[in-house]
Number of protein chains: 2
Amino acid sequence: MNGAQALIRTLVACGVDTCFMNPGTSEMHFVAALDQVPEMRGVLALFEGVATGAADGYARMADRPASVLLHLGPGLGNGLANLHNARKGKVPVVNIVGDHATYHKQYDAQLESDIETVARNVSTWIRRSQRTEEVGADAADAVAAAIGPPGQVATLILPADVSWLDGGVVAEPKPPQTRSPVASEAVDTIAATLRSGEPAAILLGGTALREAGLVAASRAANATGAKLLCETFPTRLERGAGLPPIDRLAYLAEFAQAQLDGLRHLVLVDVKPPVSFFAYPGKPSYLVPDGCEVHVLATDTDDAPSALAALAEAVGAPTDAATIQPASRPGRPSGSLTGDSVSQALGALLPEGAIISDEGNTSGLWAPMHTAGAPRHDWLCLTGGAIGQGMPVATGAAIACPDRKVISLQADGSALYTIQALWTQARESLDVVTIVFNNRSYAVLNMELNRVGAEPPGPKAQDMLDLGRPDMDFVRISEGLGVPATRATTAEEFATQLERALAEPGPALIEAMVPTL
Amino acid sequence: MNGAQALIRTLVACGVDTCFMNPGTSEMHFVAALDQVPEMRGVLALFEGVATGAADGYARMADRPASVLLHLGPGLGNGLANLHNARKGKVPVVNIVGDHATYHKQYDAQLESDIETVARNVSTWIRRSQRTEEVGADAADAVAAAIGPPGQVATLILPADVSWLDGGVVAEPKPPQTRSPVASEAVDTIAATLRSGEPAAILLGGTALREAGLVAASRAANATGAKLLCETFPTRLERGAGLPPIDRLAYLAEFAQAQLDGLRHLVLVDVKPPVSFFAYPGKPSYLVPDGCEVHVLATDTDDAPSALAALAEAVGAPTDAATIQPASRPGRPSGSLTGDSVSQALGALLPEGAIISDEGNTSGLWAPMHTAGAPRHDWLCLTGGAIGQGMPVATGAAIACPDRKVISLQADGSALYTIQALWTQARESLDVVTIVFNNRSYAVLNMELNRVGAEPPGPKAQDMLDLGRPDMDFVRISEGLGVPATRATTAEEFATQLERALAEPGPALIEAMVPTL
């Protein structure tokens, strides 16, 4: 058994049976070994950022990591932005980066570069496999490191000769690390704080945003009068009819400040204290109000749902005290097509069990509101702020959940970073409906240009934020990549097209022609 | 004057008047400052890899660096592969990476990451601007570092507040560093070696591949019987009728070995000893034959053309001893469309002063042969092996040389890494004709899969190299990005379409439907 075969068999033994890849010559033995290990599914991407983002989306929905296979330093570079997003979302990814053969590195061939230094940007666990005999064990360590807790990007650098030589040994999975229980004293202290009657909020993030955590948090909040808030860009938020609703902290710092205004206590559950996304001249970066005390109920290695359940008990919340979102949908929209009416149509038509990959940016602002009472669904956000995540995440989520519909809300500017995801969606016949908000602008930057207090923008500056010269035609781009597409210019057209796209199997794209904000 | 204005004014004072950019919020003051400095041209890219590759192509043709503006660590990641190519090609690039405000970094906001560690992969010169008062001087240092010699990617990290605060000071350009003259003793020693009559070759790279170096090298070679060879992937090779022809070392190591077989002496001129692109089981990585002595005439900081001229004199070569390529073109091709017939059409129609950006990979193999006697032109190669370079390099070359036609030879698989370059070509009305070789395959990987001695490929492995499920339609993709496109399925069609595309101003794309090798 060569190293590549041992590696892949070990991954499968560890529960990692999907590999999103964009391989090159140094990874050819890994590719060849796929046929020896039928349990491993290889999914080809045309660009590395699609592979890494898909691995992120897959793990968010499958609750276990996928692997990615990248080609040397440049391949890792191309995949880095979405690994950054996975890192910020604490999503496990087994990141395998092929490299030159060990003895070849000394010659500084064209593709030689320092892979470790790039990997350090996204990985705290980095290992270079040194021997074929050990690559199986390295893979098992990588999977364990990726799973954490917290989840992380674990990077295993795989020299070509380690892959191709014989002598590979399949390794056993490592025992999983469990999340730490939260000490009852800590729970009791926070319970006492919440019961004090002083203005308080519970801010949930990460692992607290599934049903169990949400229900317990809602019970505790209702029993004490505390506000319940959710981090701005959750990795995976379970929501919809039958689940406790939760307000997300606003992206714009001034709105987030209003949400936090007057608080005396902020209880953090698998989340950091809120800060502004960017710095702005004369505006605060740290958003916790002066005089507000921060309490940590659970860190990112703790068992947050259990801690919340203990908190609910400690504050004496009845088991049925959680607020439950009633079922309700907006009517089908009519008239002009806007971010608002697109979102209304989404709320009207969202199928049970849908997965929303949200990179709608400014045009997508209305989507959470109009889908709040829709059938239960999952909401996946741009965790690290590096645009070009939405379509790859949708792709990976669809691979993880073949029985669910995935809806990819996509801003036009952001779409162009990883548009190649459409091809993989077509190749794998994935049930992904992509909605591109085409406002022909980097609208968020137009807004930010004013907010940062820069000079009143002149024509050259405005030109750098304008996507309308030339106009992009997402229908043609999508068809060119193998995904059928339509264009909607009215709300009625959009609703009809969305209904049809959701009814048919396989991927589809709708280009929604919307105005800027 | 704020920091951004001082920075841009300093760049302009240093001769850097073009900035390829994909900015975000942290770079908004840089963008706003463009209107205060009319000399600086901002060129928007939809993806960072387009911006960095365009800066590479620009500098190759303008012989001075452009700047790029990227958005934090993820933006640098997206631009990294083409910065890798620039690094390997020793092309100067002033790489400006915006970052959070200095005081904002402590909060680990969503887009926070370690930029320096990523930059280290491509830059030996990295500086983080610390104060607005110094950012002008930092920029002047960055330009000087980028220019070298040798050319390099100089990375200047620009915190948002350094950019927005007042107090910027425009800095003077630093005096250019000159290339070192080669000592006459070294020239004489090599001249004596070449005159010994033992089998020898002169291998040219980098700065030796312009007219002056080629003429001198050809004189020296002809006077001594030495072979004349060119590195496999030159940064910029001047060629065509009226210039000395030169054989490039083959990409496939076995062919390169045949070119080098029997040599007793190899004279290196701004190039490293030849090595195999990848390692292959049981095949050598280092391609210099046993018993062949390596002599360095000029390093990458030396004045290579002058060293070659001195060598030609030292071996007593007459001034007219260079071989000069006579003008000759192939006839227009007919019949089936193949890499060969596409290249014939190119040779038949290549305009005077054309610039070829060559990422044709397997399908482009015939292009150098059929254009050898075409009117004088420049040939730009994939210097670092990171695919996705060709279309961005073509874009930058066209900005640098608005009076010349650029032809972008592009393999289909590689095209999908930075296809967004088409939009910038349309936006800037660039005279770039892109020829996509659509063979619906990662053909080079099919070849490599066999060459690396992997198991006979099974269906899963073959599927990872197949681009034909679904078929991509480059005409639609191109039109969707604003570039008019046609598809050719016969040699006649292709020649007609190429002739038309070259005759009309602005960008065009031709999808050439070719078989795999």
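Trainee: Is the crossing of α3(A) and α14(A) left-handed or right-handed?
Mentor: Helices here are DSSP runs (H or I, at least four residues), strands are E runs of at least two, and numbering starts at the N terminus. A crossing is left-handed if the near helix is turned anticlockwise from the far one by less than a right angle, and right-handed if it is turned clockwise. For α3(A) and α14(A), the crossing is right-handed.

Trainee: Good start! What kind of model is this?
Mentor: Residues are numbered from 1 along each chain as its sequence is written, while chains are lettered from A and ligands numbered from 1 in the order in which they are written. Local features need pLDDT of at least 70, side-chain atom pairs count only at pLDDT 80 or more, and totals for chains, interfaces and linings use all residues, since this is a predicted model.

Trainee: Back to α3(A) and α14(A): how are they oriented to each other?
Mentor: Axes are lines fitted to C-alpha atoms, for helices over the stretch in contact, with angles from 0 to 180 degrees between N-to-C directions. Here α3(A) and helix α14 (residues 390-400) of chain A pack at about 45 degrees, with axes 6 Å apart. Angles under 35 degrees count as roughly parallel, over 145 as roughly antiparallel, 65 to 115 as roughly perpendicular and the rest as oblique. The pair α3(A) and α14(A) is therefore oblique.

Trainee: And how does α3(A) lie relative to α4(A)?
Mentor: Helix α3 (residues 48-62) of chain A and helix α4 (residues 72-89) of chain A have axes 7 Å apart, at an angle of about 20 degrees. That makes α3(A) and α4(A) roughly parallel.

Trainee: How many residues of the contact of α3(A) with α4(A) are polar?
Mentor: Two residues are in contact if their C-beta atoms, placed from the backbone, lie within 7 Å. Among those that meet are G49(A), T52(A) and G53(A) in α3(A), and N78(A), G79(A) and N82(A) in α4(A). As for classes, Ala, Val, Leu, Ile, Met, Phe, Trp, Tyr, Cys and Pro count as nonpolar, Asp, Glu, Lys and Arg as charged, and the others, Gly among them, as polar. In this contact of α3(A) with α4(A), 4 residues are nonpolar and 2 charged, and the polar ones number 9.

Trainee: Which way does α9(A) pass α11(A), in a left-handed or a right-handed crossing?
Mentor: Helix α9 (residues 211-224) of chain A and helix α11 (residues 304-314) of chain A pack at about 25 degrees, their axes 8 Å apart. They are therefore roughly parallel. The crossing of α9(A) past α11(A) is left-handed.

Trainee: How many of the residues of α11(A) are buried?
Mentor: A residue is buried if 20 or more other C-beta atoms lie within 10 Å of its own, exposed if 12 or fewer, and partly exposed in between, with C-beta atoms placed from the backbone. The cover over the buried residues of α11(A) includes α8 (184-195), α9, β11 (265-269) and β12 (293-298) of chain A. A304(A), P305(A) and L308(A) are among the buried residues. Of the 11 residues in α11(A), the buried ones number 8.

Trainee: Which helix gives the most to the side of chain B that touches chain A?
Mentor: The contact takes 83 residues from chain B and 83 from chain A. On the chain B side, the greatest share is 8 residues, from helix α4 (residues 72-89) of chain B.

Trainee: Which peptide bond is cis, with omega near -5 degrees?
Mentor: Most residues other than glycine have a negative phi, and most peptide bonds are trans. P150(A) sits in the loop between α6 (135-147) and β6 (153-159) of chain A. The cis bond, with omega near -5 degrees, runs from P149(A) to P150(A).

Trainee: Does D270(B) count as buried or exposed?
Mentor: D270(B) lies in the loop between β11 (265-269) and β12 (293-298) of chain B. Its phi is near 50 degrees, a positive value in a residue other than glycine. With 30 C-beta neighbours inside 10 Å, D270(B) counts as buried.

Trainee: Last one: what is phi of K90(B)?
Mentor: K90(B) is in the loop between α4 and β4 (93-99) of chain B. With 20 C-beta neighbours inside 10 Å, K90(B) counts as buried. Phi of K90(B) is positive, in a residue other than glycine, and near 55 degrees.
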